[in-house]
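Me: Could you walk me through reading a model like this one? I'd like the general idea of each feature, then the case at hand.

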Amino acid sequence: MKKFIIPLLLILSIASACDKKLDITPENTLTDRDVFKTKAGAEQALAEAYYNLYKASTGNIAYVLGDFTTPLLFTNDYYRTYTLGEATPVDDGVVAVWTAHFKAINTANNVIARIREFATFDEASQNQLIAESRFIRALAYLNLLRMFGDGALTGENEGYGLPLQLTPFEGYNTGDVIPRSTNGDVYAQIEKDLTESIPLLPGKFDTDLKTRSRATKGAAWALLSRAYLYSRQYDKAADAAEEMLKDPENIYDLVSNLRSIFPDNTAGSAQALTQEHIFAFPVSYITSSSTSENNGLGNGYFFKRSFWINQQFIQSHEPGDLRVSQLMFKGDQIYNTNALDEFTTFKFNNSNGRDNVPVIRVAEVILNRAEALARTTGVTSEAVSLLNSIRSRSLPSATPYSVGSFADATALINAILEQRKFELAFEGFHRYDLIRTGQPLTTPDLPEKKKVLPIPQIEVDISNGIIRQNTGYTS
C-alpha cells in the first residue's frame with residue numbers, strides 16, 4: 001500500500017508524485033490495487049485511518065486545549081502561551097494539530113477513493129467501509145473547525161473555515177490549491193458526510209469493543225447532534241440527539257457508576273468500554289509485551305507537571321458531588337513536590353497514558369438534547385428530566401429539579417451548561433462551550449478573534465496567500 005505521508009496539507013507527497021508509467025512496484029510492496037481489492041485489505045487501510053484520527057484527536061494540544069485554556073485548570077508556563085492567546089502561526093503545537101488532522105482526513109479520503117476504484121468484494125461491505133471513513137473525516141473536520149474556524153462557534157457562517165479536501169492529496173500544484181471554505185460550508189459537509197453515512201453504517205458490530213470504537217449509526221447521530229449544537233441549528237441538534245437516544249438495539253445507556261466509565265487503571269491493563277461509550281479510542285487494549293500505546297494525557301495529568309485542577313472549580317460543585325469525590329484525586333505524591341497537594345483528574349489516572357479516551361458519551365448527547373430543547377421550546381418537562389438524569393447520578397440524594405425550579409429558559413440553559421461543565425470536564429469540551437455561549441476563557445479580556453488558533457504560516461506561504469490567515473493574526 002502506498003503511504004501518503006503529509007507533514008503539511010500542501011507539501012508534495014513523493015509517493016503520489018511519481019509518474020504512473022514509471023511507478024514500478026518494489027518487491028514485497030503492496031500497491032493500492034492489491035490492498036483495496038479485498039475486504040481484509042480495505043479494513044486494514046481503514047484501521048490506519050482510525051489510528052490517525054486517534055493520534056490527531058489526542059496528540060499534542062488537541063484534546064487538552066478544550067480544558068487548560070479555561071478556568072477549570074491551572075497550567076505551567078509553557079501552556080500559558082495558549083491561555084493568553086499568544087500562540088503564533090509558527091507555533092509547534094498549532095502546526096502539529098493541523099497536520100495530524102489533515103493526515104487523518106487524507107487517509108480517510110484515500111480509503112473512500114480506492115475502494116471505489118479497486119474493490120472487488122461485495123457492495124454492502126464497500127459502502128460500510130466508505131461510510132466509516134466519512135465519519136472519520138467528519139469528526140476530524142469538526143475538531144479542526146472548533147479550533148481554527150474564524151467565528152465557527154459564534155454564528156459567523158461566512159467566516160473563514162477550512163480547506164475542504166475531499167479527495168486524496170495528489171501532490172502540490174499551485175493551480176490546485178484549495179482555499180478555505182466558509183464555516184457554513186464546512187458544517188454543511190460534516191452534515192452531508194454523516195447523514196449520507198447513517199443508512200450504510202451498522203447499528204452494532206460483532207463485538208462490543210468494535211461497536212464502541214468504530215462508527216455506528218448511533219455514533220453518527222451523536223456526532224451530528226454536536227455539530228448542530230456548535231452551528232446553532234438547535235432544532236436539528238435536538239432531533240439528532242433524539243435519534244441516537246432512541247437506541248432501538250439497546251446498545252447505549254447512562255451507566256450508574258462513574259468509576260465504571262473511568263476505572264482505576266494503575267496497572268495499565270485493558271479496561272472495558274461501557275454502555276455509556278458511544279465512540280472512544282480503546283487505548284488500554286493497544287498494549288502488549290512488546291508495545292504500549294500512550295494516549296498523551298496520563299503523564300501530563302497524573303504528575304501535574306502540565307495541568308492541575310483549579311480549587312475554585314472543585315468548590316463550585318454542589319456538596320457531595322461524586323464527580324469530585326470519585327473523579328478527582330491527588331495523583332503523583334512523589335515526584336512533583338511543587339504540586340503534591342493539588343488535585344488532578346481521575347479520568348486519566350494511569351501515569352503511562354494507557355487509559356481509554358472517550359470521544360462521545362451518552363451523557364453529552366443527553367445534555368445536547370436538553371440544551372437544544374431549552375433553546376427552542378423553553379422550560380419543558382423533558383428538558384428538565386434530561387438535566388436531572390445527569391445531575392442525579394452524581395448527586396443521588398439531591399432534590400431533583402422541577403419545571404417550577406426555573407424562572408425562564410435562560411435559567412434552565414444556565415443549569416444545563418453548568419452540568420456540561422461538571423460532567424464533561426477534562427474531556428476537551430469546556431473551551432468551546434464557553435466560546436459559543438459568549439463566556440470568558442482563562443484570560444477574561446481575550447479578544448474574540450484570538451479565541452481561534454492561527455493557521456500555520458507554512459500553509460499561508462506555500463499557497464501564495466490563497467489560504468488566508470485568521471483575522472486575529474493578521475498585521
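Reply: Happy to, and let's start with a helix. In H3, the buried residues are Gly41, Ala42, Ala45, Leu46, Ala49, Tyr50, Asn52, Leu53, Tyr54, Ala56, Ser57 and Thr58. Buried means under 20% relative accessible area, exposed is over 50%, and partly exposed is in between, with a 1.4 Å probe and protein chains only. Before we go on: this is a predicted model, where local features need pLDDT of at least 70 and side-chain atom pairs count only at pLDDT 80 or more, while totals for chains, interfaces and linings use all residues. Residues are numbered from 1 along each chain as its sequence is written, and side-chain values use heavy atoms, leaving out hydrogens and water.

Me: What covers the buried residues of H3?

Reply: The cover includes helices H2 (32-37), H6 (92-118), H7 (123-148) and H9 (208-213), along with S4 and S8. Those labels are DSSP runs numbered from the N terminus: helices are H or I with at least four residues, strands are E with at least two.

Me: How do I check a helix for length?

Reply: Compare its span with the expected one, which is 1.5 Å times one less than its number of residues. H3 (residues 39-58) has 20 residues and reaches 28 Å from first C-alpha to last, close to the 28 Å expected. After H3 comes Asn60, with a positive phi near 50°.

Me: Can you show me a single residue? Which residues is Thr211 in contact with, beyond its neighbours within four places in sequence?

Reply: Contact means heavy atoms within 4.5 Å. With those neighbours set aside, Thr211 touches Lys204, Phe205, Thr216, Ile251, Tyr252 and Ile278. Thr211 lies in helix H9 and is buried, at 3% relative accessible area. A polar atom of its side chain is 2.9 Å from the backbone nitrogen of Phe205.

Me: How should I read aromatic pairs?

Reply: A pair of aromatic rings is described by the distance of the centres and the angle of the planes. Rings of Phe, Tyr and Trp (its six-membered ring) pair if their centres lie within 6.5 Å; planes under 30 degrees apart are stacked, over 60 edge-to-face, and the rest tilted. The whole structure holds 25 aromatic pairs. One of them, Phe68 with Tyr79, is edge-to-face at 5.0 Å centre to centre and 65° between the planes. That pair links Phe68 in helix H4 (residues 65-68) to Tyr79 in helix H5 (residues 77-83), 11 residues apart. Phe68 is buried at 1%, and Tyr79 counts as buried at 14%. Phe102 and Tyr141 are edge-to-face too, at 6.0 Å and 85°. Here Phe102 sits in H6 and Tyr141 in H7, 39 residues apart.

Me: What about charges over rings?

Reply: That needs NZ of Lys or CZ of Arg within 6 Å of the ring centre and within 35 degrees of the ring normal. Arg146 lies over the face of Phe429 at 5.9 Å from the ring centre, and Arg391 over that of Tyr401 at 4.2 Å.

Terms used
A polar contact is a pair of N or O atoms within 3.5 Å; within protein, one must be able to donate a hydrogen and the other to accept it, and residues adjacent in sequence count only if both atoms are side-chain atoms.
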